[in-house]
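Subject: Structure handover

Hello,

Please find the structure below, together with its sequence. My notes on what was found in it follow.

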Amino acid sequence: MSLRELLRKNEVTLSFEVFPPKTSDRFDTVLATARKIAALKPDFMSVTYGAGGGTSAFTADIAADLEKTYGVPMLAHLTCVSSTKEYVAKTVEEYRRHGIKNIMALRGDIPSDGAVCTDYRHASELVRELRERGDFFIGGACYPEGHVECEHKADDIGFLKQKVDAGCDFLTSQMFFDNNIFYNFLYRAREAGILVPILPGIMPVTSKKQLARSVSMSGTAVPARFRAIVDRFGDDPAAMRQAGIIYATDQIIDLIANGVYHIHVYSMNKPEVAEGILRNLRDVIGWTPEGGVNGRALKGRGSDED
Ligand SMILES: Cc1cc2nc3c(=O)[nH]c(=O)nc-3n(C[C@H](O)[C@H](O)[C@H](O)COP(=O)(O)OP(=O)(O)OC[C@H]3O[C@@H](n4cnc5c(N)ncnc54)[C@H](O)[C@@H]3O)c2cc1C
C-alpha cells in the first residue's frame, strides 16, 4: 500500500525515522541499524537529509534499500536552503531513479554562518516545484509550538497554510512532550483551513543529553512531569531509556485515544527504542513481529498499485 493510501485510511499507522551517516565510512553501520528498524515492519519509514546537502546520496541509497528489502514504504527528506535549483533538480532526479515516490520537502536550518544560497527562501517554494512535477507525494514540516524563527504563532499558521496550498499532501510535526500542545495546534490549523493529515512527531528521549540537545534546537517546552522523570533517572542510562520509551508510549496511547490515526516516531537510529515502543503498544495497535501493525505487512504492503 502506498503512503498516499495509508494516510487516507482511518486506521492507526506507526512510522519511524532514521538519519543517514555524515561520512561514507559509517554507511554500512547506519544501514544495518536502519534495516533492524525496517525489519520491525512499521507502516512507513522516513530518512532525513543533511542540511548541507552532503548526504543526499546516502538518503536515497538507504531509502531505496529499505523499500526494496523490506517492502516498507519510504519517505525521503530533502532540504533546499543551502542548495541551488540545479542541485535540487539533480537530487530529485536521483530520488526518482531510486524509485522514491514520497518526499518530505523542507527548507532546512539556516547554517550558523548564515551562508544560504538565495535560490530558495522557504519550503513552500520547494513544495510548489515538486508539485509542478506532478509525480511525488509531498510532506511538509509543522511546529505545534511555532517555529523558532517566527515570533507570532498566527503568522506561522498563515505561512503553513501557504505551504499546504503550494501542494503539501500531509504534514509532520516537530516533537512535543505535552499532547495538549498538539491538540491546540490541530484546532488552530483546522480553523485556518489546513485540512491535510497532520502527523504528530513523537520523540522518545532516552538520555539527559538528548533532551538538552533537542530542546535547545527546537525550543520545545518540557512539562514538569517529564522534567521530573529526567531529573530522577537522567544519570541512570538503563532507567532513563526505559522511562523515555514509556513516556513516548503514553503520549502515543493518548493520541490514539483522542482520535489521531497516523503517528510518526523520531526513533533516531535506535532499533531497541523502536522495538520497545512497538512491544508496549502490541495490543493497542495490533502489532506482531510477523504482521506489523494490524497485520498490514502480511497484506502485501509496499505494492505500487494502491
Ligand atoms: C518533520 C520534520 C522533519 C525534518 N527533517 C529535516 C531533515 O531531514 N533535515 C534537516 O536539515 N532539517 C529537518 N527538519 C528541520 C527543518 O529543516 C527546520 O526546522 C527549518 O528551520 C525549517 O524548515 P521548514 O521546512 O519548516 O521551513 P519553512 O516552512 O520554510 O519555515 C521556516 C520559517 O520561515 C517562516 N516562513 C515560511 N514561509 C514564509 C513566508 N512566505 N514569509 C516569511 N516567513 C515565512 C516560517 O514561519 C518559519 O519560521 C525537520 C523538521 C521537521 C518538523
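**Ligand site**

An oxygen atom of the ligand lies 2.8 Å from an N or O atom in the side chain of His77. Please keep in mind that this is a predicted model. In total, 23 residues surround the ligand, and the closest are Tyr49, Asp109, Tyr143, Asp156 and Lys163. Tyr143 also has a polar side-chain atom 2.7 Å from an oxygen atom of the ligand. With Arg107 it is the backbone that is involved: a polar backbone atom of Arg107 is 2.8 Å from an oxygen atom of the ligand.

**Arg107**

Arg107 sits in the loop between β4 and α5 (123-133). Is Arg107 buried or exposed? Arg107 counts as buried because its relative accessibility is 14%, and the cut-off for buried is under 20%. The side chain of Arg107 makes a polar contact of 2.6 Å with the side chain of Glu149. Leaving aside residues up to four places away in sequence, Arg107 touches Thr79, Cys80, Val81, Arg121, His122, Ala123, His147 and Glu149.

**The barrel**

How do the strands close into a barrel? There are eight of them, in the order β1-β2-β3-β4-β5-β6-β7-β8, and the pairing is parallel. On average, neighbouring strands of this sheet are turned by 30° against each other, direction ignored.

On one side, four bridges join β2 to strand β1 (residues 13-18), and the two run parallel; here Ser15 stands opposite Phe44 of β2. Three bridges join β2 to strand β3 (residues 74-79), again with the two running parallel, and Val47 stands opposite Ala76 in β3.

Two helices that pack on this sheet may be noted here. Helix α4 (residues 85-97) touches β3 and β4 (102-106), and the direction of α4 makes about 170° with that of β3. Helix α6 (residues 153-167) touches β5 (137-142) and β6 (170-175), and the direction of α6 makes about 175° with that of β5.

As for the side chains of β2, which way do they point? Phe44 and Ser46 point one way, Met45 and Val47 point the other way, and all are buried. In a regular strand, side chains alternate between the two faces of the sheet.

**Helix α7**

Helix α7 (residues 179-191) has 13 residues. From its first C-alpha to its last, α7 reaches 18 Å, close to the 18 Å expected at 1.5 Å a residue. At the N-terminal end, Asp178 caps α7, with a side-chain oxygen 2.9 Å from the backbone nitrogen of Asn180. Just after α7, Gly193 takes a positive phi of about 90°.

Which residues of α7 are buried? They are Asn179, Ile181, Phe182, Tyr183, Phe185, Leu186 and Ala189. An α-helix has 3.6 residues a turn, so residues three or four places apart point the same way. The buried residues of α7 pack against β5, α6, β6, β7 (198-202) and α10 (237-257).

**Thr220**

Thr220 is found in the loop between α8 (208-218) and α9 (224-233). Thr220 counts as buried because its relative accessibility is 3%. A polar contact of 2.6 Å joins the side chain of Thr220 to that of Ser218. Not counting residues up to four places away in sequence, Thr220 touches Glu145, Gln174, Met175, Phe176, Phe177 and Val215.

Where does Met268 lie? Met268 is in the loop between β8 (262-265) and α11 (271-285). Met268 is a residue other than glycine with a positive phi, near 50°. At 24% relative accessibility, Met268 counts as partly exposed.

Asn294 is placed in the segment after β10 (292-293). Phi of Asn294 is near 55°, also a positive value in a residue other than glycine. Asn294 counts as partly exposed because its relative accessibility is 39%, and that class runs between the 20% cut-off for buried and the 50% cut-off for exposed.

Regards

Technical notes: Residues numbered from 1 in each chain as written. Predicted model: local features only at pLDDT ≥ 70, side-chain atom pairs only at ≥ 80, totals over all residues. Heavy atoms only, no water. Pairing = 2+ DSSP bridges. Axes fitted to C-alpha atoms, helices over the stretch in contact; angles between N-to-C directions. Contact = heavy atoms within 4.5 Å. Expected span 1.5 Å × (residues − 1). Buried < 20%, exposed > 50% of the residue type's maximum accessible area, 1.4 Å probe, protein only. Polar contact = N/O pair within 3.5 Å; in protein donor to acceptor, adjacent residues only side chain to side chain. Near = heavy atom within 4 Å.
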